[in-house]
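Below is a short note on charged side-chain pairs. Please read the points against the coordinates.

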Amino acid sequence: MISSFVITGFLGVGKTTLLLNSVKKYFSDKKIAVIVNEFGDVGVDSQILTNVHSEVLEISEGCICCQLAQEFESGVIEIIDKYHPEIIFVETSGASEPFPIFMSLQNLGIAVEGVICVVDAKNFDNYKNNSTALYQIGGANIIVINKIDLVDEEKLKNVEAEIAEIKERYNIKNTLTGEPVFKNYKIYKAKQGVVDPEVFEGVYTPDDVIRLASDSHHHDHTAKDALTQKVAYLPADLSFADIDALLQALPDNIYRVKGVVRTKDIPNPLFVNYAFGDVSYEELPDYEGKSMLIFIGESIEKGAASLAKKFPFLSFPQFSLQKP
Ligand SMILES: Nc1nc2c(ncn2[C@@H]2O[C@H](COP(=O)(O)OP(=O)(O)OP(=O)(O)O)[C@@H](O)[C@H]2O)c(=O)[nH]1
Ligand SMILES: [Mg+2]
């Protein structure tokens, strides 16, 4: 039987980093496939993941949790037919909930060994009231508190206590039996997505998972904290300073920016990674796609208009709004 892990967690918490730094490390002797779902129809995670994992499938449209069960399931079947993986890892988009993916995998006869929710220790307070984030924690049986290098002991304890509370309130239940879908959960801590190998060794037996459980909650994209995104395709003659200035000037409602940008002063394309005020850049020599940035946040059109005024290159040739 093929087994699988679902990696969930809010925008920019470190899901891809965990796939890069832990999965490769612990599963080098196994045939693995990675499926990554990006928010919106433009994706960059697969570009990064293909450097480390050979079989990567990107399902890059909208939100798999709501509209794309069919596309997700055919993607899984395709990857199984082509590569015959022993283990499948699914990174869900930071804006979707894990439960429908868990159900889809089970429906395809794939054992779900764990639903891992990555939590950002530093930025938890910035996103912990978002309803999607709460159901991501509620729908997981393994919690990985990541970015512990950026917080002190006290903050870490507070985050842990809050997770325990959220877990009580948002635990996914089987509507037929009223029983929680995952009876147990365990919290781990990580830096740069490097987790204890125990995370993948099954903290519960698959029998604990109730087959054909029904979801007690439906994700509502019209809710006031719904996330939206804009994609900006950029001209070729930008300098690194232009990009850096833009990322310093982002309004609070834009949580996450990622993309690949060519600048006139750095030879290789730059992979840009911004989450809640923290920015990192990495050169990506093999990138051949367009120069672009994806902006994700709540009510993003508000901040985007004034941003485009201040940074006219954002309107080249379009700065388009996409609804999930
Ligand atoms: N300091 C620090 N930075 C981290 C850590 N883990 C990840 N990051 C950084 O956080 C940013 C986001 O990481 P990703 O792995 O892309 O996050 P993600 O959850 O896959 O993001 P989305 O797929 O866009 O939701 C990157 O710049 C990472 O380098 C960590 O433990 N410590
Ligand atoms: Mg990612």
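1. K147 has 15% relative accessibility and so counts as buried (buried means under 20% relative accessible area, exposed over 50%, partly exposed in between; 1.4 Å probe, protein chains only). Its salt-bridge partner is D120, at 2.9 Å from N to O. This pair links distant parts of the chain, with K147 in the loop between β6 (142-146) and α7 (153-170) and D120 in strand β5 (residues 111-120), 27 residues apart. D120 is buried as well, at 0% relative accessibility.

2. On conventions: this is a predicted model, in which local features need pLDDT of at least 70 and side-chain atom pairs count only at pLDDT 80 or more, while totals for chains, interfaces and linings use all residues. Residues are numbered from 1 along each chain as its sequence is written, and side-chain values use heavy atoms, with hydrogens and water left out.

3. The structure holds 8 salt bridges (a side-chain nitrogen of Lys or Arg within 4 Å of a carboxyl oxygen of Asp or Glu). Helices (H or I, at least four residues) and strands (E, at least two) are DSSP runs, numbered from the N terminus.

4. K128 and E162 form a salt bridge at 2.8 Å, N to O. K128 sits in the loop between α5 (124-127) and α6 (131-138) and E162 in helix α7, so the pair ties together parts that are 34 residues apart in sequence. E162 is partly exposed, at 24% relative accessible area.

5. E160 and K189 pair at 3.1 Å, N to O, in a salt bridge. E160 belongs to helix α7 and K189 to strand β7 (residues 186-189), 29 residues apart. Both are partly exposed: E160 has a relative accessible area of 26%, and K189 has 40%. Separately, salt bridges with shared partners join D125, K128, K155 and E162 into one network.

Methods: Chains lettered and ligands numbered in written order.
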